[in-house]
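I am opening a notebook on a structure that is new to me, and I will write down each thing as I look it up.

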Amino acid sequence: MTDFKIAIERINSLQTNASLLEKLRKAGPRANELSLPEMRDYFKRIGYEVKTFDKLNVIHVTGTKGKGSTSAITQSILRNCSDEKPIRTGLFTSPHLISVRERIRINGEPVSEELFAKYSNEVWDRLESTKEEALIKAGLSEKDLKASLRDQRQHPDKPIYFRYLTLVAFHTFIQEKVDVAILEVGVGGEYDSTNVVERPVVCGITALGLDHVGVLGHTIDKIAWHKAGIIKNHVPAIAFEQLPEAMQVIEERAKEKEAPLQVLHARDIDALKDVEIGLAGVHQKYNALTAIALCKIWLKHCRQIELTETVPAGFRKGLANVKWPGRGQQLCATETKYASQIPNPRDVTWYLDGAHTLESLQVCVDWFRQVAKDKKDIKDVSRILVFNTSNGRDGPNLLQVISKIQSFVGFDHVIFTTNMTYREGDSADNTNYTVSMADVLSMQALLAESWVKQVPSFNAENVHVVGSLEEATEWIVDYAKSAPETKKVQILATGSLIMVGNTLTVLGITPQ
């Protein structure tokens, strides 16, 4: 077994299985305030004090919508803004689409299998060397039901999946001597594992919405409190305009920390009307505004470069060249492994977007409406919707965002699929023990039933439920084979980033 496969097996063993997750949910909320002390302890076990990470010159980004895209744009700007003194960038994001290596990038590229294996296995071995002491310490501490359940995991001395990858990312960035580490928050902000950073250079808050409500709260002000938790004392913060109740919380938390706060507004995108941005959709212009502001502050602080232009000339290359797969991504069948199986592969196109909230799905359907508008004669186009969402989300409500445009877009077939990659299971990088197959199949059946109710005129025979993305893709390929030469086939795949990533895997796309 290669070192990389060993690393992947170890990481996957840190996932909490579906049955244990259900017990944890029933046990009620855990004291989140313990999260960061635990992370500091994990870092000590692998040889780091958190103050060490000040040298990473961190840009910390949170939000509900666009935090990943904003982080990617920020990285692209900094990477491309100077030929004389290139900036070595590190980028930590989640989730990954095809390979876990995508979560940790150096100079915009996923770290190699060799480097990922090296640094991940180093972290694992350092945790192993302190395992006995950690277990004794845990055994002596006061136990509650939640802690007892967590200790039923396969490796109770080690952090769960995302936190472990946070350790690996920070370790990688230190060892690779990056000039800047751009960190996308996993969930929330206040108690997120990335929030161990004490002195970032600048913090950014993108648009907020209702997501992860079981963890962050059911109202926008509670979610804003968690997101604004990344703001640090006297550290500049950028926030895109929010609903008033969210904006008030962000402003109050910034004031408490005496942090200079700059608020960006949607109207400001007029400054980008002649600027090329490599990501599709008006929402990416909002993300670009945030990224530009973050980069200006970072360059002033770390390179003593003060830029007064709204869009500095040196930023244009990075804005134009940014790539962020799975978000507003257009993929022609000619680029897939199925190209030779389809008579007219140039006429078959996947439109992939990992939107999974009400707000982000609205952005997605606005984008796809534009695609449909560009091809007005619906008789020349056959459209297929591939949709997936997890049990933790309100699937029928999310689906309604798409069903409302059926009269305009005219989907001919709808496929509800689990996010399982292949019939026999997932690839090693995308193995997921946190959900049961019975649960995800029941959700897809519920979605199929809901679609028929939401679109009563839709032919129920054209609604399909499948157990894997391989089955969904093969169905589409067979459909494309039988389509008339004059027909174009357009596939919108959305509802889940995991589903989009696994679709790319099935299509034979390599990690980008």
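I began with the sheet of this predicted model, and found an open sheet of eight strands with mixed pairing, in the order β4-β3-β2-β5-β1-β6-β7-β8. The edges are held by β4 (109–110) and β8 (261–264), and because each has a single partner strand, one side of each is left without a neighbour in the sheet. I then noted that helix α12 (residues 282–303) packs on this sheet, where the helix touches β1, β5, β6 (202–205), β7 (237–240) and β8, and that its direction makes about 170° with that of β7.

Next I looked at one pair of strands, β1 (residues 59–62) and β5 (residues 180–184), which run parallel and are joined by three bridges.

I turned to the UniProt record, an unreviewed entry, which places the feature "binding site" at Ser94, Glu184 and His212. I located serine 94 in the loop between β2 (89–92) and β3 (104–106). Is serine 94 buried or exposed? Its relative accessibility is 13%, and since buried means under 20%, serine 94 counts as buried. Leaving aside residues up to four places away in sequence, I found that serine 94 touches Arg103, Phe162, Glu184 and Gly186.

Last, I checked helix α8 (residues 161–175), whose 15 residues reach 21 Å from the first C-alpha to the last, close to the 21 Å expected at 1.5 Å a residue. This helix is mostly covered, with 14 of its 15 residues buried, and just after α8 I noted that lysine 177 takes a positive phi of about 55°.

Conventions: Residues are numbered from 1 along each chain as its sequence is written. This is a predicted model: local features need pLDDT of at least 70, side-chain atom pairs count only at pLDDT 80 or more; totals for chains, interfaces and linings use all residues. Side-chain values use heavy atoms; hydrogens and water are left out. UniProt positions are given in the numbering used here, feature names are shortened, and annotations may be inferred rather than shown by experiment. Helices (H or I, at least four residues) and strands (E, at least two) are DSSP runs, numbered from the N terminus. Buried means under 20% relative accessible area, exposed over 50%, partly exposed in between (1.4 Å probe, protein chains only). Contact means heavy atoms within 4.5 Å. Two strands pair if DSSP finds at least two bridges between them. Axes are lines fitted to C-alpha atoms, for helices over the stretch in contact, and angles run from 0 to 180 degrees between N-to-C directions. The expected span of a helix is 1.5 Å times one less than its number of residues.
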